[in-house]
Amino acid sequence: MTAITPTTLSATSLSPRTRAVTEFVLDNLVWFILATVLTVFSLTIPQFFQIGIFSNIIEQSAVLGVMSIGLSLLIIAGHLDLSVESVAALSAMVVAMLFANSGAGLKYVLTPEWLVFPVSLAIALAVGAVIGATNAFFVVRLKMNAFIVTLASFIWVRGLVQKLPDGRSAQGLPDALRFLAIERYNVLYIPLIAWIAILCFVVFAFILKRTPFGRHLTLIGGNKIASFRAGIATDRIITVSFILAGAIAGLAGWLLAIRTSGATANLGTGMLFQAFAAVVIGGVSLQGGVGRLSGVFAGVLLLSSIHTAINLMSLPASYTQIILGLLVLAAVLLDTLKLSIRQRLT
Amino acid sequence: MTEAGQPLLELKDITRRFGAIEALRGVSFSVRRGEVVALLGDNGAGKSTLVKIIAGGLEPSSGRMIFDGVERTFASPAAAKAAGIETVYQDLSLCTNVDVVANFFMGRELTKNVLGIRVLDEKAMEDICAKAIAAAGTRIPSLHVNVEHLSGGQRQAIELNRFVHFGGKLVLLDEPFAALGVEQTRRGLDMIKRVAAQGIGVIVITHVMAQAFQVADRIVVIRQGVVAGDIAGDKTTPEEVIRMITGDAQMGRQASA
């Protein structure tokens, strides 16, 4: 019975220093993998090692990264949101239809012109939050399965994206929005939309790690019954998480619209699976309760690094698909490995 | 404020039906401040249902519950907790994905104000947790280790230390020593006595007769949804209690009365 002799547990051959270092490496494993991959690419692929390429990788990560934040929050809370991709597309479409100047665009012009920035952002966030709230209603109030509820939203929201503009696209957003994606306004070689994504990661990593809300989210993902018994308002926290995930997807859609200067009916299709891949590669457990947003960010960067490398080598795009699949498998394997190493540590 | 003589918790004719099944058929008993009551009964006697009604989360079909001088029912564990009822459940109520400190303060995290934002006060929580766990003589290698890496005994120690620290007015323990070894059980029983000495009422659900007799001032036996026996611990014998649990109780009670 080791249960009654706790001292045996602290007896371990590892020095505290080795343990601390190992813990650190395990906690930030994706970043080490990213660094390795980037080094290998830089050494083996001609023209890879350039500021332009790196800033491109970061720029490509912006929209996917933001979308992955919302998804991560819900998965950490022990739920799921398959609708983030369609929600982003809907927000993008609504913004594009209101403010774009060709196609299905209605060319609304606000005075002064810069007002389009806060107004379109608020609309995108609101669209996402509303869909998130309907998801929350079905999951929390009607106690329906989150997988089914958000799968349904994934489908019907995409239908809405196609119906609203009658299959047309809306192109040409005003400069008051476009400047976020224009190279001329890059800060430290990084486009402004990527800075927005980075800011989101910092803010939500802080919320997850340092605030009672984030702590409760993690606790619920770990053991919902225990959290409920401990007096945590589990239903409220999950509702807020769904609304947040929706609003964050709305933000992703807003960035996507700005990046592509408009929206098409099939905008962003396939991003859901990439977001899932990034989240899993980033070390978030699909069982809930475990995950760090810094890892997710590294996961997103890893994905777009691989995309970029494949483009540079002019390999067929189908390779990306295959590599992505293998990467997800590897990530899950790695997770199991990490767990067994950790168990030996403590 | 209530008078000293008044019971802390009084259950009057509590019933609970699940469809056609009557889990509780009119349970009445009371707990005074500083009193340890052992609640015994066979599997399916209605103990767990009773625990849920007292701890919040399940409302009785009929009957009255008077806690601290006020008649009330608790819609959620949070409501019961706010009123001062702490519960340690049979299946451990810990989140194994976070560390010892986070579990200790689950649901009542300490915060500090940083630029108008409520931020977790990790330092303060760690200090309090370390003190509480050291005071109880529990050895845990690090407070920052995730609970999944701790043994069953260490986990239970966190739960027990949690209720000792936060106290409240009434503590409900549902099979608290299921995962504990001999030494830790002894320490757990001491903890119960210490908590009761502070004037907190304690209800211990157990089916280990020896534990009940060691710690309880009074023994209440539930059988088929009713109270089959309610007697001071020093005025009965394990044999008699077993007769109450199995149903030869009426006979046994009458014989001893």
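These legends walk through a few close-up views of a predicted model.

**View 1. A nonpolar patch on the surface of chain A.** Four residues come together here: A:Phe137, A:Phe138, A:Leu142 and A:Met144. Their patch is nonpolar and sits on the surface, with about 350 Å² of accessible area between them. To find A:Met144, look at the loop that runs between helix 6 (116-141) and helix 7 (146-163) of chain A. Leaving out residues up to four places away in sequence, A:Met144 touches A:Phe138, A:Val139 and A:Val149.

**View 2. A serine tucked inside chain A.** Now for A:Ser72, which is part of helix 4 (residues 51-76) of chain A. This serine is buried, and its relative accessible area is 0%. What does A:Ser72 touch, not counting residues up to four places away in sequence? Its contacts are A:Val279, A:Val284, A:Leu293 and A:Val296.

**View 3. A hairpin in chain B.** Strand 11 (residues 218-223) and strand 12 (residues 226-232) of chain B run antiparallel and pair over six bridges. Together strand 11 and strand 12 of chain B make a hairpin, with two residues between them. Check the turn for B:Gln224, which has a positive phi of about 50°. Across the pairing, B:Val220 stands opposite B:Asp230, a residue of strand 12 of chain B. B:Asp230 turns up again in a network of salt bridges that links it with B:Arg32, B:Glu35 and B:Arg218.

**View 4. The buried face of helix 8 in chain B.** Helix 8 of chain B covers residues 238-246, and its buried residues are B:Glu240, B:Val241, B:Met244 and B:Ile245. Looking down the axis of helix 8 of chain B, you'd see these buried residues fall within an arc of 140°, so they line one face of the helix. Just past the end of helix 8 of chain B comes B:Gly247, with a positive phi of about 115°.

**View 5. A salt bridge between two loops of chain B.** The side chains of B:Asp68 and B:Arg33 meet in a salt bridge, at 3.2 Å from N to O. B:Asp68 lies in the loop between strand 4 (62-67) and strand 5 (70-71) of chain B, while B:Arg33 is in the loop between strand 2 (21-31) and strand 3 (36-40), so the pair ties together parts that are 35 residues apart in sequence. B:Arg33 is partly exposed, at 32% relative accessibility.

**View 6. A salt bridge within helix 4 of chain B.** Over all chains, the structure holds 15 salt bridges, and one pairs B:Lys123 with B:Asp127 at 3.0 Å, N to O. Both B:Lys123 and B:Asp127 belong to helix 4 (residues 122-135) of chain B, where they sit four residues apart, or about one turn of the helix. In an α-helix there are 3.6 residues a turn, so residues three or four places apart point the same way. B:Lys123 is exposed, with a relative accessible area of 55%, whereas B:Asp127 is partly exposed at 35%.

**View 7. Another salt bridge in chain B.** B:Arg17 and B:Glu22 form a salt bridge, and their closest N and O atoms are 3.9 Å apart. B:Arg17 counts as partly exposed at 43% relative accessibility, and B:Glu22 is partly exposed too, at 39%.

Conventions: Residues are numbered from 1 along each chain as its sequence is written. Chains are lettered from A and ligands numbered from 1 in the order in which they are written. This is a predicted model: local features need pLDDT of at least 70, side-chain atom pairs count only at pLDDT 80 or more; totals for chains, interfaces and linings use all residues. Side-chain values use heavy atoms; hydrogens and water are left out. Patches are made of residues with over 30% relative accessible area and no salt bridge: like charges are joined within 9 Å, nonpolar side chains (Val, Leu, Ile, Met, Phe, Trp, Tyr) within 5 Å. Accessible areas come from the Shrake-Rupley method with a 1.4 Å probe; for residues, only the protein chains shown count as cover. Buried means under 20% relative accessible area, exposed over 50%, partly exposed in between (1.4 Å probe, protein chains only). Contact means heavy atoms within 4.5 Å. Two strands pair if DSSP finds at least two bridges between them. The arc is that of the directions from the helix axis to the C-beta atoms.
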